[in-house]
Amino acid sequence: MDFKIAVLPGDGIGPEVTTEGVKVLEAVGRAFGHNFTLEHGDVGGISIDKHGVALLPEVRDLTQAVDGVLFGAVGGPKWDDPDATVRPEDAILQLRSHMGVFANIRPVKVNSWLADSSSLKPEVLEGVDMVVVRELTGGLYYAEPKARHETPQGWTAVDTMRYSEAEIERILRVGFELARSRQGRLASVDKANVLECSRLWRQVATQLGEEYSDVELSHVLVDSCAMQLIQRPAQFDVIVSENTFGDILTDEASMLAASMGVLPSASLSEVPVTGKRTLGLYEPIHGTAPDIAGQGIANPIGSILSVAMMARYSLGLTKEAASVERAVDQVLANGSRTADIAVAGTKTVSTTEMGDLITAAISG
Ligand code: NAD
């Protein structure tokens with residue numbers, strides 16, 4: 001089959017890991033007889049440097065003319081001036097909103113080969129296999145007003161958390177459907193003891209729970225969720241949360257899986273159904289890692305597993321997705337590790353070498 005893919009590498013280690021993701025995608029094409037036409041675009045800081053904006057309209061519109069979007073990461077100290085009028089992060093925020101990808105799906109599974117690489121004890125990690133569903137186009141990151149004012153007492157800043165019932169219902173529905181297709185447990189995260197948005201969230205979750213009576217629904221306060229993720233992570237099947245809480249909880253959860261570098265994500269505009277083709281934005285959960293950018297040591301597995309998610313949800317290529325996941329497993333089983341997940345007795349490889357090993361392990 002023929003597919004068109006937008007490749008938006010961005011800044012820092014974004015291009016380094018995306019190159020490996022693309023290499024693996026092309027290996028899938030060779031092994032299974034598919035043709036991938038790649039359309040590259042600048043996003044983030046590199047786009048600001050070249051074009052003065054974080055996202056050109058033609059790059060934004062490209063995302064509507066392709067079968068899937070592979071994104072790297074944007075941002076870095078070079079563009080961090082608090083008074084700047086354009087920011088690299090505008091690119092990803094605008095893209096998510098333009099594509100209508102309100103559901104960010106982040107699987108967190110402890111690969112048995114990496115249990116020793118985590119900072120948590122192996123017995124705490126046993127059986128960890130969860131999906132975090134994060135609302136992606138609403139809440140604190142998007143709602144207005146969002147501003148700074150000078151007052152006689154000094155500066156004041158305001159951000160707004162706003163959610164409509166419809167926005168809450170559609171993201172919760174993704175959570176319920178995913179839970180139904182897995183172990184049937186949904187933890188709905190909120191801060192209903194303090195926030196009005198969270199009280200509405202809990203009310204909608206409870207109402208929707210009646211429609212999904214086969215799913216065991218629990219309400220978990222976000223602070224308690226943060227604690228339980230470290231204390232007893234294996235209890236979670238699917239977690240659903242609003243934008244900011246989900247952003248923070250997924251970084252925390254990534255430590256269960258040993259490194260930010262190994263976790264993929266899919267951002268979709270509807271309930272994901274295996275085999276059904278849905279436009280999506282796929283990116284590793286990490287940022288641009290300025291501390292290691294340019295050294296050739298970044299872990300490309302998050303980007304490579306994002307390619308697997310794209311194959312599964314946007315391209316309808318289930319077998320191909322599984323072949324990428326198997327290839328990653330095989331390479332880890334053979335003892336190759338990038339520096340972030342290396343332990344005694346493993347062989348440390350570069351970003352490119354890890355990509356080459358996984359590419360070589362793809363089979364049809
Ligand atoms: P980060 O994810 O870039 O890095 C956090 C830590 O994890 C660093 O020590 C880094 O070296 C390590 N790390 C991350 N990815 C890795 C990989 N693939 N392999 C090995 N180690 C890896 O987060 P940060 O340092 O808070 O942010 C850096 C920049 O990235 C900021 O400008 C931030 O705004 C941006 N950012 C962008 C996105 C995005 O584009 N979606 C997401 C998060 C952060």
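Strands are DSSP runs of E with at least two residues, numbered from the N terminus. In the predicted model described here, strand β12 is the element in which glutamate 283 has its place, and tyrosine 282 lies in this strand, which spans residues 280-284. Tyrosine 282 counts as buried because its relative accessibility is 0%, and glutamate 283 is likewise buried, with a relative accessible area of 7%. Apart from neighbours within four places in sequence, tyrosine 282 is in contact with Val69, Leu70 and Phe71, with Ser265, Ala266 and Leu268, and with Ser306, Met309, Met310, Tyr313 and Ser314. The side chains of tyrosine 282 and serine 314 form a polar contact of 2.7 Å. Alanine 266 is 16 residues from tyrosine 282 along the chain, yet the two C-alpha atoms are separated by 4.7 Å. With residues up to four places away in sequence set aside, glutamate 283 touches Phe71, Gly72, Ile92, Arg96, Pro264, Ser265 and Ser306.

At the level of the whole protein, the domain assignment gives domain 1 (1-111 + 258-364) and domain 2 (119-256). The C-alpha centres of domain 1 and domain 2 are 24 Å apart. Contact between them involves 24 residues of domain 1 and 25 residues of domain 2.

The largest nonpolar core holds 86 residues, of which Ile105 and Leu256 touch the most other members. Helix α10 (residues 301-313) supplies the largest share of this core, with 9 residues. Because domain 1 (1-111 + 258-364) and domain 2 (119-256) both give residues to the core, it lies between them. Beyond its neighbours within four places in sequence, leucine 256 is in contact with Val108, Val110, Ser118, Leu120, Leu125, Val128, Met130, Leu229 and Pro233. A second, separate core comprises 20 residues, among them Ala6, Val66, Ile92 and Met99.

The ligand is surrounded by 20 residues, and the closest are Val74, Gly287, Ala289, Asp291 and Asn299. Alanine 289 provides a polar backbone atom 2.7 Å from an oxygen atom of the ligand. An N or O atom in the side chain of glutamate 89 is 2.9 Å from a ligand oxygen atom, and a polar side-chain atom of histidine 286 lies 3.3 Å from a nitrogen atom of the ligand. On its own the ligand has 810 Å² of accessible area, of which the protein covers 68%.

Backbone geometry was also examined. Most residues other than glycine have a negative phi, and most peptide bonds are trans. Alanine 289, found in the loop between β12 and α10, has a positive phi near 40 degrees. At 22% relative accessibility, alanine 289 counts as partly exposed. Alanine 258 also has a positive phi, near 95 degrees, and is found in the loop between α9 and β11 (264-268). Alanine 258 is buried, with a relative accessible area of 10%. The peptide bond from glutamate 144 to proline 145 is cis, with omega near 0 degrees. Proline 145 is found in the loop between β5 (129-135) and β6 (147-151).

The backbone oxygen of proline 145 is reached at 2.5 Å by the side chain of threonine 160. Threonine 160 is found in the loop between β7 (154-158) and α6 (165-181). The relative accessibility of threonine 160 is 13%, and this residue therefore counts as buried. Leaving aside neighbours within four places in sequence, the contacts of threonine 160 are Gly139, Leu140, Ala143, Glu144 and Pro145; the last two of these residues are joined by the cis peptide bond.

Isoleucine 248 is found in helix α9 (residues 243-254). At 54% relative accessibility, isoleucine 248 counts as exposed, since the cut-off for this class is over 50%. Isoleucine 248 and valine 222 are 26 residues apart in sequence, and their C-alpha atoms are 9.9 Å apart in space.

Definitions and conventions
Residues numbered from 1 in each chain as written. Predicted model: local features only at pLDDT ≥ 70, side-chain atom pairs only at ≥ 80, totals over all residues. Heavy atoms only, no water. Core = buried A, V, L, I, M, F, W, Y, C linked by side-chain atoms within 4.5 Å. Buried < 20%, exposed > 50% of the residue type's maximum accessible area, 1.4 Å probe, protein only. Helix = DSSP H or I, 4+ residues; strand = E, 2+ residues; numbered from the N terminus. Domains from an automatic or database assignment. Contact = heavy atoms within 4.5 Å. Near = heavy atom within 4 Å. Polar contact = N/O pair within 3.5 Å; in protein donor to acceptor, adjacent residues only side chain to side chain. Areas by Shrake-Rupley, 256 points an atom, 1.4 Å probe, with all protein chains shown as cover.
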